[in-house]
Amino acid sequence: MPCLSFTEKKIFKPLIERKKLQTIRAVNGDKPRIIKGDIVKVFWNQRSSNKFYCKKCSSPFKNTLISGSRCEFCGSDEFINKVLGKVKITDVREIWMKKVKTEGRKQTEDFRFIIKDKYGSFNMAQVEQLAIDDGFETSYDMFEFFDTNYDLRKAKRFAIYNFQWM
Ligand SMILES: [Zn+2]
């Protein structure tokens, strides 16, 4: 079964509340690695050796979870298993993201971001909606995340996976 792992704290809450219904992933081969109809296992921080995480602040819980256990960071007594559940992929769309320097400003390092699919560039409303559907508060947060992780100075290919929780 394919897996999806999440580590970005900004989307932790919508993810564990199962309100997150979309993820955007880099496409490295010829095709997106997950296709429509696939059942996918969803993890918080799959590669970590920790099994449980604080439900409130997403910090790992390193000890054995027993009644009365508390998060060492925030004191919460609610934890989640790193295996968050399964989702069914309902749609896959390919996009490209790119960061371009704003024209006409020589002294400052101002950039804007472009998202395109096979039909053309997304308008501002579509970009904002995509960010919100992905669990980010703004498109700025979304672009900052992808630029940090993938360096968007060169156009980079991604797949938008839409899913429903099972
Ligand atoms: Zn905590």
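With 13 C-beta neighbours inside 10 Å, G85 counts as partly exposed (a residue is buried if 20 or more other C-beta atoms lie within 10 Å of its own, exposed if 12 or fewer, and partly exposed in between, with C-beta atoms placed from the backbone). This is a predicted model, so a few ground rules apply: local features need pLDDT of at least 70 and side-chain atom pairs count only at pLDDT 80 or more, while totals for chains, interfaces and linings use all residues. Numbering starts from 1 along each chain as its sequence is written.

**The chain at a glance**

- The protein chain has three helices and ten strands; these are DSSP runs numbered from the N terminus, with helices being H or I over at least four residues and strands being E over at least two.
- Reading from the N terminus, the order of elements is β-α-β-β-β-β-β-β-β-β-α-α-β.
- Along the principal axes, the C-alpha atoms fill a box of roughly 60 × 40 × 25 Å.
- Of the 166 residues in the protein chain, 17% count as buried.
- Take the contacts between residues at least 6 apart in sequence: 66% of them join residues at least 24 apart. Here a contact means that the two C-beta atoms, placed from the backbone, lie within 7 Å.

**Around G85**

- G85 sits in strand β7, which covers residues 83-101.
- Leaving out residues up to four places away in sequence, G85 touches V42, W165 and M166.
- G85 and W165 are 80 residues apart along the chain, yet their C-alpha atoms are separated by 7.6 Å.

**β7 and its partners**

- Strand β7 pairs with β3 in the antiparallel sense over five bridges (two strands pair if DSSP finds at least two bridges between them). In this pairing, V40 has V87 of β7 as its bridge partner.
- β7 also runs antiparallel to β10, and ten bridges join the two.
- K101 has F111 of β8 as its bridge partner.
- β10 (residues 156-165) pairs with β2 (residues 22-26) too, antiparallel and over five bridges. I24 finds its bridge partner in I160 of β10.

**The three-stranded sheet**

- Three strands make an open, antiparallel sheet in the order β5-β4-β6. β5 and β6 (79-81) are at the edges with a single partner strand each, so one side of each is left without a neighbour in the sheet.
- Between β4 and β6 the pairing is antiparallel over three bridges, and Y53 stands opposite I80 in β6.

**Two loop residues with positive phi**

- Some background first: most residues other than glycine have a negative phi.
- N45 isn't a glycine, but its phi is positive at about 55°. N45 belongs to the loop between β3 (39-44) and β4 (52-54), and it counts as partly exposed because it has 15 C-beta neighbours inside 10 Å.
- S58 isn't a glycine either, and its phi is positive at about 70°. S58 lies in the loop between β4 and β5 (60-61); this residue is buried, with 21 other C-beta atoms within 10 Å.

**Domains and where they meet**

- The domain assignment gives domain 1 (3-88) and domain 2 (93-160), with bounds that come from an automatic or database domain assignment.
- The C-alpha centres of domain 1 and domain 2 lie 24 Å apart. Domain 1 puts 14 residues into the contact and domain 2 puts in 13.
- On the side of domain 1 that touches domain 2, α1 (12-16) and β2 each supply at least two residues. β2 gives the most to that side, with five residues.
- By class, that side of domain 1 has eight nonpolar, two polar and four charged residues. The classes count Ala, Val, Leu, Ile, Met, Phe, Trp, Tyr, Cys and Pro as nonpolar, Asp, Glu, Lys and Arg as charged, and the others, Gly among them, as polar.
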